[in-house]
Amino acid sequence: MFGTPGKQAVTMTPAAIAQIKRLMARDGSEGLRIGVKKGGCAGMEYTMEYVSEINPHDEVIREDGACVMIAPMAQMFLFGTEIDYATSMLESGFKFNNPNVVDACGCGESIKFSDVNELAAQGLNIPTN
């Protein structure tokens with residue numbers, strides 16, 4: 001996983017922890033796997049699925065009884081993300097406060113990350129092949 005020793009790759013707010021624990025208890029799952037896939041107006045979308053068995057390649061984050069797995073292909077996109085759960089008059093759901101997102105669509109359902117050329121322009125040494 002892309003990370004800093006002693007620091008979790010992804011953090012969860014108390015509201016997210018409580019909701020994840022509720023979902024785990026309701027469905028008898030090991031936790032939730034979070035990933036990203038191509039799609040939406042901005043190019044990428046978050047995915048969430050119940051997990052009955054932990055993949056050995058997943059990054060596993062456990063906090064106060066809540067368990068989140070980060071799919072291998074999503075790890076570099078999610079590093080530093082805070083997962084929250086918010087409820088309003090019109091909707092409720094998980095919110096991802098992700099410092100790696102450079103753009104999002106107006107509806108908030110899809111996101112865009114820096115591409116390799118943009119990262120290289122910022123002076124980061126990213127292999128392209």
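This is a predicted model: local features need pLDDT of at least 70, side-chain atom pairs count only at pLDDT 80 or more; totals for chains, interfaces and linings use all residues.
Thr11 stands opposite Glu82, a residue of strand E6. Three bridges join strand E1 to strand E6, and the two run parallel. H1 packs on the sheet, where it touches E1, E6 and E7. The direction of H1 makes about 75° with that of E6.

The sheet itself is open and has three strands, in the order E1-E6-E7, with mixed pairing. E1 and E7 are its edge strands, each pairing on one side only.

Thr87 has its bridge partner in E7, namely Ser92.

The aromatic residues come next. A pair of aromatic rings is described by two quantities, the distance of the centres and the angle of the planes. A search of the whole structure finds two such pairs. In one, the rings of Tyr46 and Phe96 have their centres 4.1 Å apart and their planes at 20°, so this pair is stacked; the cut-off for stacking is an angle under 30 degrees. Because Tyr46 belongs to strand E3 and Phe96 to strand E7, the pair ties together parts that are 50 residues apart in sequence. Phe96 has a relative accessible area of 18% and is therefore buried, the limit for that class being under 20%. The other pair consists of Tyr85 and Phe94. Their ring centres are 5.1 Å apart and their planes stand at 70°, so the pair is edge-to-face; that class takes angles over 60 degrees. Tyr85 and Phe94 are both buried.

Leaving aside residues up to four places away in sequence, Met12 touches Ile17, Ile20, Ile61, Glu63, Ala66, Val68 and Ile83.

Asp64 lies between strand E4 (59-63) and strand E5 (66-70). Its relative accessibility is 59%, so Asp64 counts as exposed, for which the limit is over 50%. Phi of Asp64 is near 50°, a positive value in a residue other than glycine.

The account can now be widened to the chain. Its secondary structure comes to three helices and nine strands. Read from the N terminus on, the elements run β-α-β-β-β-β-α-β-β-β-β-α. The chain has 129 residues, and buried residues make up 34% of them. Of the contacts between residues at least 6 apart in sequence, 49% join residues at least 24 apart. The chain exposes about 8000 Å², and carbon and sulfur atoms supply 52% of this area.

Terms used. Residues are numbered from 1 along each chain as its sequence is written. Side-chain values use heavy atoms; hydrogens and water are left out. Helices (H or I, at least four residues) and strands (E, at least two) are DSSP runs, numbered from the N terminus. Buried means under 20% relative accessible area, exposed over 50%, partly exposed in between (1.4 Å probe, protein chains only). Contact means heavy atoms within 4.5 Å. Accessible areas come from the Shrake-Rupley method with a 1.4 Å probe; for residues, only the protein chains shown count as cover. Rings of Phe, Tyr and Trp (its six-membered ring) pair if their centres lie within 6.5 Å; planes under 30 degrees apart count as stacked, over 60 as edge-to-face and the rest as tilted. Two strands pair if DSSP finds at least two bridges between them. Axes are lines fitted to C-alpha atoms, for helices over the stretch in contact, and angles run from 0 to 180 degrees between N-to-C directions.
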